[in-house]
Amino acid sequence: AATPYDGRCDKSKRGTAFLLQLNKVPVIVTAHHVVSNAVSITVTSPTLGDGEARPLRLIGFNPHLDIAILIGPDNIMKLTPFLPQESSTLQPRQRVICVGFAAGTLRTHTTSGTVSGRNDFPHNRIQTDTAVNPGNSGGPMIDAETRRVVGIVTSGMNNMQTTNFFTPMDEAWQSIRRIITR
């Protein structure tokens, strides 16, 4: 949950974040729009079982790619991470799986679909017909065959069913590497 910067607003945002291992270093990844303007960011994990919210610290972000990088306490950072996979080889009709906490629930939901194509302008995104629901933002888009992360879920089109987008892992990886080596 992300508590907003504006103290007069009592709404919090919910999305999905996931642990990603890059060069043997675990980082927490989510969509920038999930945590933007937040004064506090917390995470709960169904794998910890106690339901307690734990604080996260934002260490960097790239609003153009709509990604944010966070770190948390050891009991979060030591969970089993996802592994990345290059996204440049993705082809239309390749099967992908979206994993996330749809509707902000504490239970993971998965949907599957295919890569539709690459949308280079105005943002570098990969289009998919995989169902993406509110709360899925920031979650991993996984190659159905290798079970590795090929992108980060960023957006859907409310007025266009199953026209959804994710940031490609190749571009995300470049940005994450710059953030964690600062």
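## A buried phenylalanine and its aromatic partner

F18 has a relative accessibility of 5%, and because a residue is called buried when this value is under 20%, F18 counts as buried.

How many aromatic pairs does the count give? The count comes to 1 aromatic pair. Its members are F18 and F82, whose ring centres are 5.7 Å apart and whose planes meet at 85°, so the pair is described as edge-to-face. The distance of the centres and the angle of the planes are what describe a pair of aromatic rings. F18 lies in strand β2, whereas F82 lies in the loop between α2 (74-77) and β7 (95-100), so the pair ties together parts that are 64 residues apart in sequence. Is F82 buried, exposed or partly exposed? With a relative accessibility of 27%, F82 counts as partly exposed, while F18, at 5%, is buried.

## The chain and the confidence of its prediction

The chain contains 3 helices and 12 strands, and of its 182 residues, 42% count as buried. Among the contacts between residues at least 6 apart in sequence, 58% join residues that are at least 24 apart.

The average pLDDT of the chain is 88, and 90% of the residues score at least 70. Where in the chain is confidence lowest, and where is it highest? Confidence is lowest in strand β1 (residues 2-4), with a mean of 58, and highest in strand β10 (residues 140-143), at 98. Where pLDDT is low, the predicted coordinates should not be read in detail.

## The largest pocket

The largest pocket holds about 740 Å³ of space, and 34 residues line it, with A17, F18, V43, T44 and F101 lying nearest its centre. F18 is thus a residue of this lining as well as a member of the aromatic pair. Two or more residues of the lining are given by each of the elements β2 (18-22), β3 (25-30), α1 (32-35) and β4 (38-43). Which element provides the largest share of the lining? The largest share comes from β4, which gives 3 residues.

## A buried valine and its contacts

V27 is placed in strand β3, and at 2% relative accessibility V27 counts as buried. When the neighbours within four places in sequence are left aside, the residues in contact with V27 are F18, L19, L20, L22, I69, L70, M77, I176 and I180. I176 lies 149 residues from V27 along the chain, and yet the C-alpha atoms of V27 and I176 are separated by 8.9 Å. F18, the residue with which this report began, is also among the contacts of V27.

## Two exposed residues

P55 is found in strand β5 (residues 54-62), and with a relative accessible area of 57% P55 is exposed. Which residues does P55 contact once its neighbours within four places in sequence are left aside? P55 is then in contact with I41, T42, G72 and P73. P55 and S40 are 15 residues apart along the chain, and their C-alpha atoms are separated by 7.5 Å.

T47 lies in the loop between β4 and β5, and T47 is exposed, having a relative accessible area of 60%. From C-alpha to C-alpha, T47 and T80 are 9.9 Å apart in space, although 33 residues separate them in sequence.

## Two residues with a positive phi

Most residues other than glycine have a negative phi. D66, which is not a glycine, has a positive phi of about 60°, and R147, also a residue other than glycine, has a positive phi near 65°.

Where do these two residues lie? D66 is in the loop between β5 and β6 (67-71), and R147 is in the loop between β10 and β11 (149-156). Their accessibility can be set side by side: D66 is buried, with a relative accessible area of 9%, whereas R147, at 53% relative accessibility, counts as exposed.

Methods
Residues are numbered from 1 along each chain as its sequence is written. This is a predicted model: local features need pLDDT of at least 70, side-chain atom pairs count only at pLDDT 80 or more; totals for chains, interfaces and linings use all residues. Side-chain values use heavy atoms; hydrogens and water are left out. On a 1 Å grid over the protein atoms alone, a cavity is a set of points where a 1.4 Å probe fits but cannot get out, and a pocket is an open set with protein on both sides within 12 Å along at least five of seven lines; lining residues have an atom within 4 Å of a point. Grid points are joined across faces, edges and corners, and a volume is the space filled by probe spheres set on the points. Helices (H or I, at least four residues) and strands (E, at least two) are DSSP runs, numbered from the N terminus. Rings of Phe, Tyr and Trp (its six-membered ring) pair if their centres lie within 6.5 Å; planes under 30 degrees apart count as stacked, over 60 as edge-to-face and the rest as tilted. Buried means under 20% relative accessible area, exposed over 50%, partly exposed in between (1.4 Å probe, protein chains only). Contact means heavy atoms within 4.5 Å. pLDDT is the predictor's confidence in each residue, from 0 to 100.
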